[in-house]
Amino acid sequence: MIEPVVHGGLRIALSWLLGMVLFPVFIRWQRRKSLGQKIKKEGPAMHLHKENTPSMGGVIVVSVAFLAAFLWPPVPDLFPYILLLFGFFLLGFLDDYWKSVLGQPWGWKARYRFVLEVLLACGVVWWGRAFFPPTLVVPFTNKVITLTPASFFLYGVLLIVASCNAFNIADGLDGLAAGCGILTLLFWGILLELLHRPSFAALAFAFVGGLCAFLWFNCWPAEIFLGDSGSLPIGALMGILALASGHSLLLVFSGIVFVIDTLSVILQVLSFRVLGRRVFLMSPLHHHFELRGEKEARVTVRLWMVQALGVLLASIGFWR
């Protein structure tokens, strides 16, 4: 058991150190080129001062994570998944390019991006059909549900697209998505080591290190934002890790903040369309707390605590 712990720790340290070297260079380069995030006017007014903050932090996070996964000890059997994760990265990078370079705050049209996300998710599940157990272990019980190939395929695609967008939705406060993502990926890395899936665990640990380096520069007040180039592949990775474990329902707990934020958006839209009124001052939920007068940093730290509690519940749900 000592060797996997050492390898996981080294992978985290490697991607973290690489990120700590590259992020300052990347931030300075964007400032020299006058590149930065364009803030949507529909968002909270207190965020308008963040206009032109360097973005596309996902470029560094994904790069150092891929390097850490391939350098030492290498995990070449993950190459197909890394290739498909690169597809999610590219999708997000193009969105960031339009926002930061072309000055269009909305980027891709939602329907086009959704179609491409579904296609990439189909590729992941199709490629992983020999590696993903077609089972659902019900948390806190010993009950195992076996899915047919067709139902598992649909479930897998839905899970990856949902986790991909849930992470993206939560990426709205300085440090929020990164801190929550570190906790979630650390949970899945450890769980996959316990389940003897070291290659997937290695990928999780590599991204933990990259996110730690990013969080160093993204905590309030943020010097750089993650962008869709980071949120889309990291969200997709959460779905992939959950499918590889056979305990994918634990993602509801280990990613509880992502779930809550996403549900708040769905509830807000449904309430407005059906009842003509809003449930929250603004969605996602983290913006509701801001508009109630809570400081951004306080909301972030409190949601980290909620995420940590969710990870604890997921751990209990696994061992029961």
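Which residues does Asp96 touch, not counting residues up to four places away in sequence? In this predicted model, Asp96 touches Met56, Val101, Leu226, Gly227, Asp228 and Ser229. The place of Asp96 is in helix H3, which covers residues 79–100, and because its relative accessibility is 1%, Asp96 counts as buried. Between Asp96 and Glu294 there are 198 residues in sequence and, from C-alpha to C-alpha, 29 Å in space.

Another part of the model concerns two helices, H6 and H12. Helix H6 and helix H12 pack with their axes 9 Å apart and at an angle of about 15°, which means that H6 is roughly parallel to H12. Their crossing is right-handed, and the residues that make the contact are set out below.

| Helix | Residues in the helix | Residues making the contact |
|---|---|---|
| H6 | 176–194 | Leu176, Gly179, Cys180, Leu183, Thr184, Phe187, Leu191, Leu194 |
| H12 | 296–319 | Thr300, Leu303, Trp304, Gln307, Ala308, Val311, Ala314, Ser315, Phe318, Trp319 |

By class, this contact of H6 with H12 has 13 nonpolar and five polar residues, and no charged residues.

Turning to H12 itself, its 24 residues should span 34 Å at 1.5 Å a residue, and the C-alpha atoms at its ends are 35 Å apart, which agrees. The buried residues of H12 are Glu296, Val299, Thr300, Leu303, Gln307, Gly310, Val311, Ala314, Gly317 and Phe318, and what covers them includes H6 as well as helix H9 (251–254), helix H10 (256–275) and helix H11 (285–291).

Technical notes. Residues are numbered from 1 along each chain as its sequence is written. This is a predicted model: local features need pLDDT of at least 70, side-chain atom pairs count only at pLDDT 80 or more; totals for chains, interfaces and linings use all residues. Side-chain values use heavy atoms; hydrogens and water are left out. Axes are lines fitted to C-alpha atoms, for helices over the stretch in contact, and angles run from 0 to 180 degrees between N-to-C directions. Helices (H or I, at least four residues) and strands (E, at least two) are DSSP runs, numbered from the N terminus. Angles under 35 degrees count as roughly parallel, over 145 as roughly antiparallel, 65 to 115 as roughly perpendicular and the rest as oblique. A crossing is left-handed if the near helix is turned anticlockwise from the far one by less than a right angle, and right-handed if clockwise. Contact means heavy atoms within 4.5 Å. Ala, Val, Leu, Ile, Met, Phe, Trp, Tyr, Cys and Pro count as nonpolar, Asp, Glu, Lys and Arg as charged, and the others, Gly among them, as polar. The expected span of a helix is 1.5 Å times one less than its number of residues. Buried means under 20% relative accessible area, exposed over 50%, partly exposed in between (1.4 Å probe, protein chains only).
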